[in-house]
Amino acid sequence: MTEQSTRVTALELSTTEKTRPLRVITYAGAILAFLIGSGFATGQEILQYFTSYGFWGIFGTGLLVLVLMTYVAIEFFAVGQAKKFDKPSRIFHYYCGKYLGTFFDYFSILFVFLSFTVMVAGAGALVEEHYGMSKFVGGIGLALVVGLSVWFGLKSLVDVIGKIGPLIAVIAVALGIAGIFLNNGGGLAEGAALLPTLEIKQASNNWFMAGLSYVGFCMLWLAAFLTALGKTARSKKEAVAGGGVGAIVFSIVCIIVALGLLANIADVAGTEIPMLVLANNLSPILAGIISVMILAGIYTTAVPLLWTVSSRFFEDKTPGYKYFTIALAVLGTVIGLALPFSDMVNLVYVINGYVGILLLVLMIVKTVTRVARRTPLEG
């Protein structure tokens, strides 16, 4: 086949490709569900990466995250759709080569496990702060339920409750907007003025590096997941649309929630679960409902995190897989309850975020090289 006929065939195929809107929404929802774990759902993640830097942090970090997350999501989706790797982890070798790719492959597994420990810490903090019970009740309870879910493979239950991810995003936006306009303090201007006088953990020394770190740790979560998801897309257009919509919506949600927290900074500073403070300011009953939703969001993120690590080393549902799962759940509980939740977010996410920045740089180099050489993105 000549080069000209190849181009004609590709053109004909591209004109017949149809992007399924429902599928695009499903892909976008999957990104939201995956990213909304204990850090986001509780508001602690948004507080440290966005709100703590004031308006510059909210809009500067927000814009940086929007641009880079959109690029990352689209790139992972598109490469996954085109290459159809036998293992999703091959995405690291595609961008980083054999040796660095192997490093990122195993490092991402370590980060996924550490992220599970953050989920345990988040559940413990929520139970302690909202229900007045020991954090050990929440942390051990979550680890037990998650461990059993992964042990027995309760996929149907996870699929049902997993729909709560996009719902939490909608409620988070509503709480953010309510926090901006129905706050007990002086609003955004007074919150920004008060911010320098408060001691709030920050992800970095400046908002720009915080934004890069935020994208970095999200990438380590999303790489294999979006690559596998992209493999199911019917066309490149569908993959690009799904990745783009999901990343853009998530970034906008982050900005709105960050503004809501800033408007109520006097109330949320020093708390482990800022989102519950916003909810409680509106209604204690609403706070109770949202606390259950946050726990559900933590659970639906914790299950795939634990499963990812176990299935990486043992075949699904084998004896080794089951016992390794329980061992990981126990170890994750011990680590997750050793430090306060806010410290866990600041330690695990930030350190891994900086490693993720290296992956981001290598991705951009690979993309620029591919475009400059006009190399087609086919399998």
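Predicted model: local features only at pLDDT ≥ 70, side-chain atom pairs only at ≥ 80, totals over all residues.
Is V361 buried, partly exposed or exposed? I looked it up and found V361 partly exposed, at 44% relative accessibility; buried means under 20% relative accessible area, exposed over 50%, and partly exposed in between, with a 1.4 Å probe and protein chains only.

Residues are numbered from 1 along each chain as its sequence is written, and side-chain values use heavy atoms, without hydrogens and water.

Entry on V361. I placed V361 in helix α17, residues 341-372 (helices are DSSP runs of H or I with at least four residues, numbered from the N terminus).

Entry on K84. I found K84 in the loop between α5 (54-83) and α6 (90-131). Most residues other than glycine have a negative phi. K84 is not a glycine, yet its phi is positive, about 50 degrees. K84 is also partly exposed, with a relative accessible area of 41%.

Entry on the largest cavity. I saw that about 70 Å³ of space lies in it. A cavity is a set of points on a 1 Å grid over the protein atoms alone where a 1.4 Å probe fits but cannot get out, and lining residues have an atom within 4 Å of a point. Four residues of the lining, its largest share, come from α9. The lining includes A41, M275 and I294, and by class it has nine nonpolar residues, no polar and no charged ones (Ala, Val, Leu, Ile, Met, Phe, Trp, Tyr, Cys and Pro count as nonpolar, Asp, Glu, Lys and Arg as charged, the others as polar).

How values were computed. Helix = DSSP H or I, 4+ residues; strand = E, 2+ residues; numbered from the N terminus. 1 Å grid on protein atoms, 1.4 Å probe; cavity = no way out; pocket = protein on both sides within 12 Å on 5 of 7 lines; lining within 4 Å. Points joined across faces, edges and corners; volume = space filled by probe spheres on them.
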